[in-house]
Every structure is written in C-alpha cells, then in structure tokens.
Amino acid sequence: MSTDKAAAGGGAAGAGKSPGVAILITGLTAFMAGLDNLVVVTALPTIREELGGSLEQLEWTVNAYTLSFAVLMMFGAALGDRFGRRRVFIGGLLLFTAASAAAAMAPGIEELIAARAVQGAGAAVIMPLSLTLLTAAVPAAKRGAALGIYGALNGLAIAGGPLVGGVVVEHVSWQWIFWINVPVGLLLAPFALRGLAESRGPNNSLDLPGTFLVSLGIFGLIYGLIRANGEGGWSDSQVVVSLVAGAVLVVAFVLWERRTRAPMLPMSMFRNRAFSAVNAGGMLMSVGMFGVVFLITQFMQTIQGMSPTEAGVKMLAWTAMPLLVAPFAGIMSDRIGGRPVVAFGLALMAAAFAYWALIMTPDVSYVVQLPGFLLGGVGIACFFAPLLNLTMSSVEVSEQGIASGSTSATRELGAALGVAALASVFTHNGGYASGQDFVDGFVPALWVGAAAVALAAVVMLFATRPDGAGGHPGAGPGKAESAPEAPEPTASATR
C-alpha cells in the first residue's frame, strides 16, 4: 500500500499497520488523558495540606486542566490535519508526559495549576487525534468492535478517576497520580511512531482567526460557569461578563466559519442531522453524568464517612461496567445500528439517577444504592462505544479529525456546565450543614441530571443521516455503521 494513500487517510487497515497495535496505543493514551480529568479530585485535601492554597486555587487545580482541554481540542485536531496526525499526536503525548512530571514536582499550588493547564493542552491534542488514527487503522467491518474497546477504556478512565486517585493518595502519595503517567507516556511514544500510520486532513492552512475566536469563546463560557458557584453567584460581574463575552465570541466564530474559505469547523457539517445530534446528545450526557459524579463522590465521603479508597472500591459496580460491556456494545452497534444502543444506554443512565433520587437518604445502605451503580455503569458503556462509531461515520473521511475534536469539545463543555448547574441546584436546595441538608440538595440535582440524560436519549434518536453518505448512523438491523474507506488521495492531500 502506498505512502501517499496512508497520508491521505489510510487504507483499510492503516497502510499495513496492525489494528490491534493501534487499538492498544490510542486506547491507553486516551485512557491517560481521560483519567486526569477527575483523578486529582480525591487528592485535593492532601494537596492543600502540603502545598497550601485557597479553596479557589484548589478548584483551579481541577479546572485548569478542563479549561485547557476544552478550548484547545479543536485546535489540536486542526494541527494534526495540517502537519500530520501521527506526528502531532506524538508531540501531544510528550507534552502531556512532561507536564505530568512538572505537576509531580510542583513546589507550590501556583506551579501545580500551571502544570495542569499544560497537561490539558497535551490532552487536547491526544484525544481527537487518537480517535482519528484508530479509525484509519481498523477495517470498516471491524470498526465497531475496535471503537467499543476504545470506548471501554475512555469510559473507565472518566468513571475510575476518583478510585485511582483515592488509592494512590492513600497508599503512596499525591505526586504519584502524576508520576504514573511518565513511564507510560515515554513507552507509548516510540510505539506510536512505529505502530501508527501517518495521515493528514484535506486543508493545508490553519484557521487561526477561527481557532482564536472559538478558544476564547469556550474559555469565557466555562470560566463564567465555574465562577458562578463562588460567593457572588450568577449575578457576579465577572460571571456575567465572561458568559456574555463567551457567547458573543462563539457567535463571531460561527459567522467567521461561514465566510472563510478554509474553515476549521465547516458550518455545513451541522446541516448533517447525525453530526448535530451526536454533539448535542454528548453535551447533555456530560451535563448529567459529570454533575452527578461530582456530587455522589462527596456524598459517599462527606456524609457516609467513607475513605477515598473505600468510596472508589464501592463505585467499582459503576466504574468496571464500561470495561466489561463496551466491547459488546460496539459489536451490537455493528449489527443493529449505533443509534438504538446509544439511546438505550442513555435511558439506563437516566433511570439510575432517577432511582437514586427516589431512595436517597443520609444513611441509605450501599446495597440499596447498588442497582443505580449497575444501571449507570451499563449505560455509560452502551453510550461511549457506539457514540464513537456514530461520530466517525456521520461525516466524510476528510472531516473525521475535526469531527472528533468538535464532539470531544462539546462533551467537555457539557461537563463544566453539568458541575456548575447541578452544584447550583444543590446549593439552592441544601448544603453541608448535616446529612439531611446534603440530601435535600442532592435529590433535586439528581432529578436535573436524570432529565438532562433523558433528553440526550431523545436527541440521539434523531442521529440519522438521510443521504447515506459516509456511513449510516441510523442504520437498522444488518447495516453496519462504519465510516467508508478512504478515497484515493489527491495531490493536495499528500503535500
């Protein structure tokens, strides 16, 4: 198979590269990036004891990563399209690894926040390009199963962050939640160079104005949402200015993308009903899931007196499900179509949150909570595995890099929105004064989370692509939802 064909998007099996190796490399790299979203949460009390810092600075230890991750993800995808996805992917991996070492060695809270922001920048490159590289490496007929394994690792990383952080902090030290990334990153980089095929997007120029507008716009929106939970609340001048400015910049980004000749995110993609539904559904899912995870980990530790490790172990009924179920969900999406599998998973997640809202009391036993953990875990698995296939098959091969960046960015935005929104519902109805006070705030927040995920399930029912090009996200039984094979390269695609 020719080098040109690999550069243009790869052949059926990634220009002779092993699909199994591609799954291992991209899956483990994405696992690291996803894990660091929440792994630091259970380490915050220990970090405060050793490094000091105000409550706001501790919040930024988490949020610096999320913000950098969200605002640079589409730029990371665009860099890969321009300079080579494998090359930029390896650069992002090495940046993430170096920033992890810097975070572990941080002498103060300010240095830790800065290192976390750089970590997020590396993750913003890793996540969208890992999905694009994996899609190019796996034959279309087997793509659902491959993306199912990738989705299992992705879902496990998101749900397992508190567990890994709690165990490492309690039994080793908080620095090792960052040090653990270093040897893994250094080993994966040379394997990625040898095991992944190079590919590029169709455009030879970067949309710098578009990147600037969307990055600042998303930053303003997320910064405003984070600040809204401070003392000033939603009426705080910084919150209002950030949200308004962010919204204006996002609108300006849309207008710019509609008129520029080489857009970073072609607005025509959103005329594709499947692509629009995947983005909207993914954002709504993150609103519910991240908001509930943020509160339930606090409930288990603050109200029920569990240690970080004990809480993480008891959440295994939730966190282990993606690893067990997602590969089968990916196979089912190949057989019956991804749309019903994703909608089913979202319905299970909504049912889990509603169940918790109905049974929640300060002293509710773990056995009574267990059905919610099981339902939520299976739901996450059924959501993530087919969603990746839906995303990549909803667009043309040449658009897959920016499509993966867009959907990842909307989910990160949904995560920030979910934590802010559900925390606001919680503080409006309850607080930390007592166990019952916490539950008084937690229950309505659970209902909001259930409603968001249920709405995501409805939205995903519209994830069909009537023209049939680029795959069939809404395919019925017997129609695999695989992205088409890459076309023969053009001259511009190989330059």
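1. Arg116 and Asp36 join their side chains in a salt bridge, 3.8 Å from N to O (a Lys or Arg side-chain nitrogen within 4 Å of a carboxyl oxygen of Asp or Glu). Arg116 belongs to helix 6 and Asp36 to the loop between helix 2 and helix 3 (44–51), so the pair ties together parts 80 residues apart in sequence. Both Arg116 and Asp36 are buried (under 20% relative accessible area; exposed is over 50%, partly exposed in between; 1.4 Å probe, protein chains only). Helices are DSSP runs of H or I, at least four residues, numbered from the N terminus.

2. This is a predicted model: local features need pLDDT of at least 70, side-chain atom pairs count only at pLDDT 80 or more, and totals for chains, interfaces and linings use all residues. Residues are numbered from 1 along each chain as its sequence is written, and side-chain values use heavy atoms, without hydrogens and water.

3. The count of salt bridges is two. Lys314 and Glu310 also meet in a salt bridge, at 3.5 Å from N to O. Both lie in helix 13 (residues 308–314), four residues apart, about one turn of the helix. Lys314 is partly exposed at 24% relative accessible area, and Glu310 is partly exposed at 34%.

4. The largest nonpolar core has 80 residues, of which Phe89 and Leu112 touch the most other members (buried Ala, Val, Leu, Ile, Met, Phe, Trp, Tyr and Cys joined through side-chain atoms within 4.5 Å). Helix 6 (residues 109–137) gives the most to this core, 14 residues. A second, separate core of 50 residues includes Ile296 and Phe353.

Conventions
Helix = DSSP H or I, 4+ residues; strand = E, 2+ residues; numbered from the N terminus.
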